[in-house]
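Dear colleague,

I am passing on a structure that you have not seen before, and below it I have set out what was found in it. Please read the notes with the structure open beside you.

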Amino acid sequence: MARNKIALIGAGQIGGTLAHLAGLKELGDIVLFDIAEGTPQGKALDIAQSSAVEGFDAKLKGTQSYADIEGADVVIVTAGVPRKPGMSRDDLLEINLKVMNQVGAGIAKYAPDAFVICITNPLDAMVWALQQASGLPSRKVVGMAGVLDSSRFRHFLAEEFDVSIEDVTAFVLGGHGDTMVPLTRYSTVAGIPLPDLVKMKWTTQEKLDQIVQRTRDGGAEIVGLLKTGSAFYAPAASAIEMADSYLKDKKRVLPAAAPLNGEYGLKDIYVGVPIVIGANGVERVIEIELDQSEKAMFDKSVESVKGLVEACRRIAPDLG
Ligand code: APR
């Protein structure tokens, strides 16, 4: 059986890390595409040379031509401009919308059967625009945000409780970052929900609230530290987990920006919800009941995503 083919559109910080991880995990052969000449070629060659030491088999190719992504099984999109200090995700909207149009056309032409994972920010709007621009079935186009938000949340919780990260689960809904909705009653340490851990005096409500806020601001915290770019290790690892679930038909239950078709009372919009990712792409959207305060946070998050999508429609009326 031929190896899977992974196409990475954007060979910057996240794209390079994606290629490295996909190689280390032997997910398939890897094509790195970027408009910056030399960058994808250089990274492909560098990672290919590491394969001798790491002992993985994968062909790597860097390119400026969409024809090279032909027949890709998975396409992960990071093309665009990253957030700089002081810049909000929304500031990126206009530039990255144009990029999504180009990328969508390339995928439509050369990889129409791929499972597409968008990472470019502002995520919830860009994944919508990419699906519109590519014309791929919406169950085959998702956005990576929830896995990253929940992995940040899990990291902070594991530190707070001084337990293994493996035993911490987190459940988040809504848009990426600032409007993320953490569902603490579904987030657990070895099955014990966070509100119970507060009662058991493992932590206080105040500390938990601080952790939630730090998680929401997780991207900005790293931008502030790096000064010249945004996070890339955890975003890449998160997208690889999603790609792995698709390629191996693992049917992982993961939070992702997914197309809603009546779930949560919403239509024609991408919002972060728990989904099952398998060989058919988005195989199920999991709809849970929200209590009053969760619903209020979720509605606020949805409003902010709707605002971004409206702005996209104004800038590019041809899109949906
Ligand atoms: N087509 C292909 N590649 C493009 C295009 C385009 N039209 N426009 C820009 N790029 C490339 C850039 O040349 C660059 O190499 O996209 C790459 C982006 O890489 P970085 O600037 O290093 O950004 P990165 O940190 O990887 O983040 C990428 O993910 O988390 C989000 O906000 C982040 O939107 C950003 C994206």
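Does Ile14 count as buried or exposed, and how many C-beta neighbours does it have inside 10 Å? Before the answer, please keep in mind that this is a predicted model. Ile14 counts as buried because it has 27 C-beta neighbours inside 10 Å, where 20 or more are needed. This residue is found in helix α1, and, residues up to four places away in sequence not being counted, Ile14 touches Thr78, Ile119, Phe232, Pro235 and Ala236.

Gly15 is likewise found in helix α1, and with 25 other C-beta atoms within 10 Å this residue is buried. Once its neighbours within four places in sequence are left aside, Gly15 is in contact with Leu8, Gly10, Leu32, Asp34 and Thr78.

The ligand is the next topic. It is surrounded by 25 residues, of which the closest are Gly12, Gln13, Ile14, Ala79 and Asn121. Helices α1 (13–24) and α3 (93–110) each supply at least two residues of this shell, and the largest share, 3 residues, comes from α1. Sorted by class, the shell holds 11 nonpolar, 12 polar and 2 charged residues.

The UniProt record, an unreviewed entry, places the feature "binding site" at several positions, including Gly12, Gln13, Ile14, Gly15, Asp34 and Asn121. The same feature name is also placed by UniProt, again from an unreviewed entry, at Arg83, Arg89, Asn121 and Arg152. Asn121 itself lies in the loop between β5 (115–118) and α4 (123–134), and this residue is buried, since 27 other C-beta atoms lie within 10 Å.

Gln64 is also found in a loop, the one between β3 (60–63) and β4 (74–77). With 14 other C-beta atoms within 10 Å, Gln64 is partly exposed, because that count falls between the 12 or fewer of an exposed residue and the 20 or more of a buried one. Its contacts, with neighbours within four places in sequence left aside, are Ile35 and Glu37, while the C-alpha atoms of Gln64 and Leu123, which are 59 residues apart along the chain, are separated by 24 Å.

Strand β13 (residues 267–278) and strand β14 (residues 281–285) run antiparallel and are joined by 4 bridges, with Val282 in β14 as the bridge partner of Ile277. A hairpin of 2 residues joins β13 to β14.

With best wishes

Terms used: Residues numbered from 1 in each chain as written. Predicted model: local features only at pLDDT ≥ 70, side-chain atom pairs only at ≥ 80, totals over all residues. Pairing = 2+ DSSP bridges. UniProt positions renumbered as here; feature names shortened; annotations may be inferred. Near = placed C-beta within 6 Å. Nonpolar A, V, L, I, M, F, W, Y, C, P; charged D, E, K, R; others polar. Contact = placed C-beta atoms within 7 Å.
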